[in-house]
Amino acid sequence: MFPSSRPWIVMPCVDFKMKTIEVDGIKVRIQIWDTAGQERYQTITKQYYRRAQGIFLVYDISSERSYQHIMKWVSDVDEYAPEGVQKILIGNKADEEQKRQVGREQGQQLAKEYGMDFYETSACTNLNIKESFTRLTELVLQAHRKELDGLRTRASNELALAELEEDEGKPEGPANSSKTCWC
Ligand SMILES: Nc1nc2c(ncn2[C@@H]2O[C@H](COP(=O)(O)OP(=O)(O)OP(=O)(O)O)[C@@H](O)[C@H]2O)c(=O)[nH]1
């Protein structure tokens, strides 16, 4: 039953969850947006790329077709996600070994081509679920740490420059002003 006092927006194409995970002893709260793969939702789901910091590109190891789609996802991510977004390639349904159509090496090869980490996972047996989430969070934190360090360096350089300019503007100190001629 929907409460009548407030509006409800039903988005059939995006699932949202929040999770807290620990990386290097730090608790990190992450937002997870699971966008639908179907073509008909693409206009909406692409909007979600814009604020992403980390993206899992997921195919199904029992579907060659889903693997072939990864190239398209990568080009969409390049087009719509912010520069520097962290990506990991996932071959899901690793529990379905008897239905496998995509070899593990194919996944590894593709990930290598795009410079991504790669995991085979199973949502059914929990294989590599925690590991892949932890790794993506780690990559996002590392990327932002670099950004923060860059900002810090720039701020301290600017401060040093400001101090230098202030010093240069000051009248000369007593040591210099009471100039003594030794000759
Ligand atoms: N055997 C197996 N089945 C899985 C696994 N992950 C998901 N499934 C099944 O695959 C089907 C599709 O799962 P979804 O989570 O809806 O997949 P999705 O990619 O989000 O689908 P869309 O949002 O429609 O693109 C469901 O029947 C799941 O139970 C897995 O690791 N192993």
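Predicted model: local features only at pLDDT ≥ 70, side-chain atom pairs only at ≥ 80, totals over all residues.
Residues are numbered from 1 along each chain as its sequence is written.

**Overall layout**

- The chain holds six helices and five strands, where helices (H or I, at least four residues) and strands (E, at least two) are DSSP runs numbered from the N terminus.
- Followed along the sequence, these elements give the pattern β-β-α-β-α-α-β-α-β-α-α.
- Of the chain's 183 residues, 16% count as buried; a residue is buried if 20 or more other C-beta atoms lie within 10 Å of its own, exposed if 12 or fewer, and partly exposed in between, with C-beta atoms placed from the backbone.
- Among contacts between residues at least 6 apart in sequence, 64% join residues at least 24 apart, and two residues are in contact if their C-beta atoms, placed from the backbone, lie within 7 Å.

- Strands β1 and β2 run antiparallel and are joined by ten bridges, and two strands pair if DSSP finds at least two bridges between them.
- Within this pairing, Val14 stands opposite Thr35 in β2.
- Of the ten residues of β2, the number buried is zero, so the strand lies largely in the open.
- The hairpin has two residues between its strands, and Asp24 lies in this loop, between β1 (14-23) and β2 (26-35).
- Asp24 has a positive phi of about 50 degrees although it is not a glycine; as background, most residues other than glycine have a negative phi.
- Asp24 is exposed, with 9 other C-beta atoms within 10 Å.

**Helix α4**

- In helix α4 (residues 104-114), the buried residues are Gly107, Leu110 and Ala111.
- Seen down the axis of α4, these buried residues fall within an arc of 100 degrees, so they line one face of the helix; the arc is that of the directions from the helix axis to the C-beta atoms.
- The face of α4 turned away from its buried side carries the exposed residues Glu105, Gln109, Lys112 and Glu113.
- The cover over the buried residues of α4 includes α3 (70-80), β4 (86-92) and β5.
- Gly115 follows α4 and has a positive phi, near 65 degrees.

**The loop between β5 and α5**

- Leu127 lies in the loop between β5 and α5 and counts as partly exposed, with 17 C-beta neighbours inside 10 Å.
- Not counting residues up to four places away in sequence, Leu127 touches Ala94, Thr121 and Ser122.
- Leu127 and Glu138 are eleven residues apart in sequence, while their C-alpha atoms are 19 Å apart in space.
- Asn128 is found in the loop between β5 (117-120) and α5 (129-169), and its phi is near 60 degrees, a positive value in a residue other than glycine.
- Asn128 is partly exposed, with 18 other C-beta atoms within 10 Å.

**Around the ligand**

- The residues around the ligand are Asp34, Ala36, Gly37, Gln38, Asn92, Lys93, Asp95, Glu96, Ser122, Ala123 and Cys124, where a residue is near a molecule if its C-beta atom, placed from the backbone, lies within 6 Å of it.
- This shell divides into three nonpolar, four polar and four charged residues; Ala, Val, Leu, Ile, Met, Phe, Trp, Tyr, Cys and Pro count as nonpolar, Asp, Glu, Lys and Arg as charged, and the others, Gly among them, as polar.
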